[in-house]
Amino acid sequence: MIEIITSAKQNAAMCALIQAELETLYSVSKVLSKSIDLKQTLAEVLKLLHDQGRLLNGMVSLLDEDGRDLMVFAVHEGNRVAPLESVCYQQGEGLVSIIMKSSEPIIVERLTDEPRFLGRLGVYDMALPFIGVPIKIDKNEAIGVFVAQPPSGGSLLGEQARFLEMLAILVGQSVSLSRTVVNEQRALKDERDYLRREVKSEHGFDSIVGHSPLIRRVFDQVRQVAKWNTSVLIRGESGTGKELIANAIHYNSPRAGDVFIKLNCAALPDNLLESELFGHEKGAFTGAITQRKGRFEQADGGTLFLDEIGEISSAFQAKLLRVLQEGEFERIGGLKTIKVDVRIIAATNRDLEADVEQGVFREDLYYRLNVMPINMPSLREHAEDIPDLARFLVEKISRIQGRSLTIMDSAIRILMRHSWPGNVRELENCLERAAIMCERGHIDRDVIGLAGLKESGTINQAVKPVINVDLDDPDMDDRERVIAALEQAGWVQAKAARLLGLTPRQIAYRIQTLNIKVRQI
Ligand SMILES: Nc1ncnc2c1ncn2[C@@H]1O[C@H](COP(=O)(O)OP(=O)(O)OP(=O)(O)O)[C@@H](O)[C@H]1O
Ligand SMILES: [Mg+2]
């Protein structure tokens, strides 16, 4: 009779325990799936074991990532999460190391009777039982140990060890997931940093060649302007490197870590340009099947490069002006006003001043864009950079073609005699053709001839050495500087203005106020 009562009591106790364990298991799985921060989730798991799961003084230790040291990740003592000192188990020490080594659980009825117990953590109750189970991934070797103390010994101990083993499987899966995610994040971050460095060196100053005073002046302007958020207008003939400079400004600015978005304004008709820049809402027009963010939104926090800005219609100029002034716009078909923080760099090869004069380009937009003008000299104006440029471009082509290429001095001499109306782009194309045509990798005068450049007897007029006056010479006064620039520009005022970083209007004003007699040419 007594036996029956005892067994009924035991059954009831077992049922209650399993009930508590099931509820704990449910809560534990929720906690583990909540975050990949192991220290935080494991501490919460140990608290749940204490509060609901009838397992006290829990501890989880895990092998560090190179698989050498066993580190304590979470400890629960009494009814609180114990502070984590960086306890680290040495190989072969105490119960935890035995569990690691054997990958088998250890169940102890009373901790005080266990001679192998070292008690380094000092959180265990010596009068209570002790259960320690290995944490494994894929049934392989143990990657950690999960320990806890049931509040009493006896017949339920085996069941509690089984429960702890189940929990160890869940913890093992979480550890595996968390480590995979952390490793992937690290790999992605390394790759991102690598690509950023690559992009920066590809688009930074290293990619711009030239030692002539005109190019050095551009370098200085880029360096100065990169720091600020002001709009920049890059002027210059086709192929002079306007896009290259826009890249250099962005990648040397505080926004370098953010996006650099480009849009060629001449490539699209008005309606497409508007949707491209401002985006559209779903159903805004036929074909707008989904909502789409425009370039302005994409460039938020970064830089937007508007190439060929001189080509936009006057209706579009008005729309653009509003974004530049207010920093806000609506998507096509949208009511919500969107605010963005975008730095604008624009480029054009048009004579915008003449366009303003003729009323085809809005004056207010011109002043908005032209806060900081940078004038790219034509290649004729800095012909002394041709040898460096040619060598640099040949190296670039050689990398792209994956073979070794050299350019001979005889070829460079011919390049120096050409007037390069298409500027650096034309030079690059010419060298690319030459590279394709030269079989042995030596680009000489004959190959250049084959590539379409004719050798002319005299140095081309346009390449005549520039009168080498340093316009930044501190000893020159303002009047001398303007005269020097005019001389250097063959008395073409617009060109001299470019040399000095002035607008044609500004130079005309200075010529007048400094009483400079303009030579007619
Ligand atoms: N100073 C320079 N150093 C090295 N490469 C240069 C230089 N200037 C231009 N280039 C190269 O010449 C080519 C043309 O330059 P880029 O596209 O920037 O010119 P662009 O002024 O924007 O021309 P376009 O008006 O035709 O668009 C590019 O391949 C660029 O890398
Ligand atoms: Mg361009």
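User: Two strands pair if DSSP finds at least two bridges between them, so which residue of strand 12 is the bridge partner of Ile-261?

Analyst: The partner of Ile-261 in strand 12 is Leu-304, with strands being DSSP runs (E, at least two residues) and helices likewise (H or I, at least four), numbered from the N terminus. This is a predicted model, in which local features need pLDDT of at least 70 and side-chain atom pairs 80 or more, while totals for chains, interfaces and linings use all residues. Residues are numbered from 1 along each chain as written, chains are lettered from A and ligands numbered from 1 in written order, and side-chain values use heavy atoms, without hydrogens or water.

User: How many bridges join strand 9 to strand 12?

Analyst: Five bridges join strand 9 to strand 12 (residues 303–307), and the two run parallel.

User: And what's the strand order in the sheet?

Analyst: The open sheet has five strands in the order 9-12-15-8-16, with parallel pairing. Neighbouring strands are turned by 20° against each other on average, direction ignored.

User: Which strands does helix 5 lie across?

Analyst: Helix 5 (residues 213–226) lies across strand 8 (232–235), strand 15 (343–348) and strand 16, running at about 155° to strand 16. Axes are fitted to C-alpha atoms, for helices over the stretch in contact (heavy atoms within 4.5 Å), and angles run from 0 to 180 degrees between N-to-C directions.

User: Switching topic: at what angle do helix 4 and helix 6 cross?

Analyst: The axes of helix 4 (residues 157–203) and helix 6 (residues 242–251) come within 8 Å and cross at roughly 135°. That makes helix 4 oblique to helix 6, oblique being what is left after under 35 degrees (roughly parallel), over 145 (roughly antiparallel) and 65 to 115 (roughly perpendicular).

User: Which residues meet there?

Analyst: Val-199, Lys-200 and His-203 in helix 4 meet Asn-247, Ala-248 and Tyr-251 in helix 6.

Terms used. Pairing = 2+ DSSP bridges.
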